[in-house]
Amino acid sequence: MKSSLRNITVTLEDGVARWARLEAARRETSVSRLLGGILKDRMLEKDGYQRAMRRALARKPFLKTDGRFMSREEAHDRARLR
């Protein structure tokens, strides 16, 4: 799979730009590649969370329930203690 790269312009505060240059040098890469990697990681993390949430919400109820979520009291069996 071949992906194309796009150039974008990013405006950073002086301190952030300084940190990015130092961090890129420490990792022996460019600021552009550093930011691209950080953004890609963030995108994959967020997409993964969204997919997991959709899977969890799509599951059928387990045990013998009527399809509704239990209340907090039911979940902790607090109604029985009253």
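The following legends describe an overview and several close-up views of a predicted model.

**Figure 1. Overall view of the predicted, helical protein.** The secondary structure consists of 3 helices and 0 strands, and the order of elements from the N terminus is α-α-α. Of the 82 residues in the protein, 6% are buried. The accessible surface amounts to about 8500 Å², and carbon and sulfur atoms account for 54% of that surface.

**Figure 2. Confidence of the prediction along the protein.** The mean pLDDT of the protein is 85, with 84% of the residues at 70 or more. Confidence is highest in helix α1 (residues 14-26), where the mean is 97. It is lowest in helix α3 (residues 72-75), where the mean is 78.

**Figure 3. Close-up of the salt-bridge network of Glu 23, Arg 26 and Arg 27.** Glu 23 takes part in a salt bridge with Arg 26, in which the closest N and O atoms lie 2.4 Å apart. Glu 23 and Arg 26 are 3 residues apart in helix α1, and therefore about one helical turn separates them. A salt bridge also joins Glu 23 to Arg 27, with 2.8 Å between the closest N and O atoms. Arg 26, at 60% relative accessibility, is exposed, while Arg 27, with a relative accessible area of 47%, is partly exposed.

**Figure 4. Close-up of the salt bridge between Arg 42 and Glu 45.** The side chains of Arg 42 and Glu 45 meet at an N to O distance of 3.6 Å. Both residues belong to helix α2, and because they are 3 residues apart there, their separation is about one helical turn. Glu 45 is exposed, its relative accessible area being 53%. A search of the whole structure finds 3 salt bridges, and the pair of Arg 42 and Glu 45 is one of them.

**Figure 5. Close-up of a positively charged surface patch.** The patch is formed by Arg 51, Arg 54, Arg 55 and Arg 59, which gather on the surface. Among them, Arg 54 is located in helix α2 (residues 31-58). Arg 54 has a relative accessibility of 52% and so counts as exposed, since the cut-off for that class is over 50%.

**Figure 6. Close-up of a nonpolar surface patch.** Ile 8, Val 10, Leu 12 and Val 16 together make a patch of about 340 Å². One of these residues, Leu 12, lies in the segment before α1. Leu 12 has a relative accessible area of 34% and is therefore partly exposed, as that class lies between the cut-offs of under 20% for buried and over 50% for exposed residues.

Terms used. Residues are numbered from 1 along each chain as its sequence is written. This is a predicted model: local features need pLDDT of at least 70, side-chain atom pairs count only at pLDDT 80 or more; totals for chains, interfaces and linings use all residues. Side-chain values use heavy atoms; hydrogens and water are left out. Patches are made of residues with over 30% relative accessible area and no salt bridge: like charges are joined within 9 Å, nonpolar side chains (Val, Leu, Ile, Met, Phe, Trp, Tyr) within 5 Å. Accessible areas come from the Shrake-Rupley method with a 1.4 Å probe; for residues, only the protein chains shown count as cover. A salt bridge is a side-chain nitrogen of Lys or Arg within 4 Å of a carboxyl oxygen of Asp or Glu. Lys and Arg count as positive and Asp and Glu as negative; His and the chain ends are not counted. The place of a charge is taken as NZ of Lys, CZ of Arg, CG of Asp or CD of Glu. Helices (H or I, at least four residues) and strands (E, at least two) are DSSP runs, numbered from the N terminus. Buried means under 20% relative accessible area, exposed over 50%, partly exposed in between (1.4 Å probe, protein chains only). pLDDT is the predictor's confidence in each residue, from 0 to 100.
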